[in-house]
Amino acid sequence: MNVLIDKFDVFAGGFWLTLQICILAAIGALVLGAIVAVLRISPVPPLRALGTGYVNVFRNMPLTVVMFFAAFGLPALGSNADFLRIPVLDSLFTRLGTDLPYFRFALIALVLYTAAFVCEALRSGVNAVPAGQAEAARSLGLTFGQNLRYVVLPQSWKASIVPLGSVIIAMIKNSALAGFFGVAGDLSATADQLTGAEGYAFVPVAIGISIGYLIMTVPLGALLDRIEKRQAVAR
Amino acid sequence: MSQQTSVLYDVPGPRQRRITLISSIVAGVVLLVGAYFLIYRPLDENGQLSMELWGPLIDPSNENFSQVWERIGLGFKNTLLAAALAIVASLAVGTLLAVLRIQLKSLIRRRFTGVATPVAYLLRGLSRVLSAVTRVCVEVFRGLPVVLTIFFVARGFPEFGLYFDNFWYLVIGLTIYNSVVIGEILRSGMEGLPGGQAEAAAAIGLSPAQTTRMILLPQAFRVMLPALISQLVVVLKDTSLGFIISYEETLNIGKQLIGVLSNPIQVYVVIAVLFIVVNYSLSKLAQYVQRRLARGRKTAGTPAQNPPAAALISQAGGGGGGN
């Protein structure tokens, strides 16, 4: 068990890096997912087709393939994803600004993949709003934009929280893949490093890594359960 | 488009139709121009559209064509094999887990009258502990990324003197994660059934085991079928994680091909299309089953239950997890 104490800083560093990926990817995926969701419910057919196509492509592709695209396809196009070196953000999330691009590649892949699920969660919320609400708004003469802004979205938000939370939990777990795509030092890469190259005993390392992920996923899951139960009572 | 979203706007009149048509054309043009500048141009400038790179994959007269597709076919066969075995195993284990958790839950409530008091307390304590243990196991394995489960199996089993093929490590890793998820799907399905079902079963004298086997499980399977099919999609996507333990599935074969042909974008496009076709049909099947079940339930006049939330949530995984 000594490895847990001796290497505590390694575990903590890995946890922090994984948390960084998760926060940045969650923000990115929520923004992109919201845009795609708007595309999917817009009245203009080509935009709708674009949104639907995006969701179908990314939802049915393994994240691994998206990661490979990002990690091998982008360099083949001569891109290092430098547009993600955002001046203020990279002082807080130091990996954004490093010369090794793998953190940025993993981030892009995670955002692209998760956005499809965020879109579906948001849309399921819109679908959960009773049709009569939107009809009533229309009969009052509200336009499409007003209808969404004042009537549908405030209600759909409530119904989307639980599915959105599940998507975020899944994303946290998916971020473990980043460690196998050259992002050195996150939790899963730490597991590989400690048990492989440094030859520590397997069980304590596995426990430490597992705790790292469970700290993030279990409380979030419990919170969601609670919200779900409260909503079930409220309805 | 579903009927639900079109409720957001009126049936368009002539003016609105004109506006929609114009904005459609504008949006279409913008999208095409965007696609040209953001996708076609960078690809073309870097020579990624040349026949040299695409040839082995799409040109049957290319010398490498048959060999390449033989390899991809092998990889895909391995992927399907691992996915099939994992889903069958996780269905079996998941069902057992669901039944176990339901039984333990009913055991907690039992008072064990008829046996001596200390024994009764012992039995109650035991069932409480067992219930807590299964609960913790479920929470832990559900909260861990499936990559790590596979990785832990592949690294951990040899430490305890268990040596298998990489294939079995992958299947075991996938089974551990997915049986827990399927177990939870089935359990919530059984608990979501109307209470009258179990009561009626008890009233006609079925034992708890019989009730579960003959009344609850078949209905839970039926209600949760869409969610289970979506889980199949997740398993299929998750088999691609076999590359971390160098199991020869589609992606790993793709990596080997790239090592020889050095055309990463092209190979991954082909692999992505393969996955999308298979998974898209499976998702469509899940939707179809869900619609049929909804129709069947309506005619039968039983209260409607809502699996969609579970179906949607379980789809969120894939390539690394779900919930």
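How many helices and strands does the secondary structure of chain B come to? It's 13 helices and 0 strands, where helices are DSSP runs of H or I with at least four residues, strands are E runs of at least two, and numbering starts at the N terminus.

Quick housekeeping. This is a predicted model, with local features needing pLDDT of at least 70 and side-chain atom pairs counting only at pLDDT 80 or more, while totals for chains, interfaces and linings use all residues. Residues are numbered from 1 along each chain as its sequence is written, and chains are lettered from A and ligands numbered from 1 in the order in which they are written.

Staying with chain B, 35% of its 323 residues count as buried, meaning 20 or more other C-beta atoms, placed from the backbone, lie within 10 Å of a residue's own.

Now, two helices. In chain B, the axes of H4 (residues 65-109) and H7 (residues 166-192) come within 6 Å and cross at roughly 40°; axes here are lines fitted to C-alpha atoms over the stretch in contact, with angles from 0 to 180 degrees between N-to-C directions.

On to the core. The largest nonpolar core has 130 residues; such a core is a set of buried Ala, Val, Leu, Ile, Met, Phe, Trp, Tyr and Cys residues joined through C-beta atoms within 7 Å. Helix H6 of chain A, residues 102-128, gives the largest share, 18 residues. A:Ala106, A:Ala109 and B:Ile150 have the most contacts inside this core.

Methods: A residue is buried if 20 or more other C-beta atoms lie within 10 Å of its own, exposed if 12 or fewer, and partly exposed in between; C-beta atoms are placed from the backbone.
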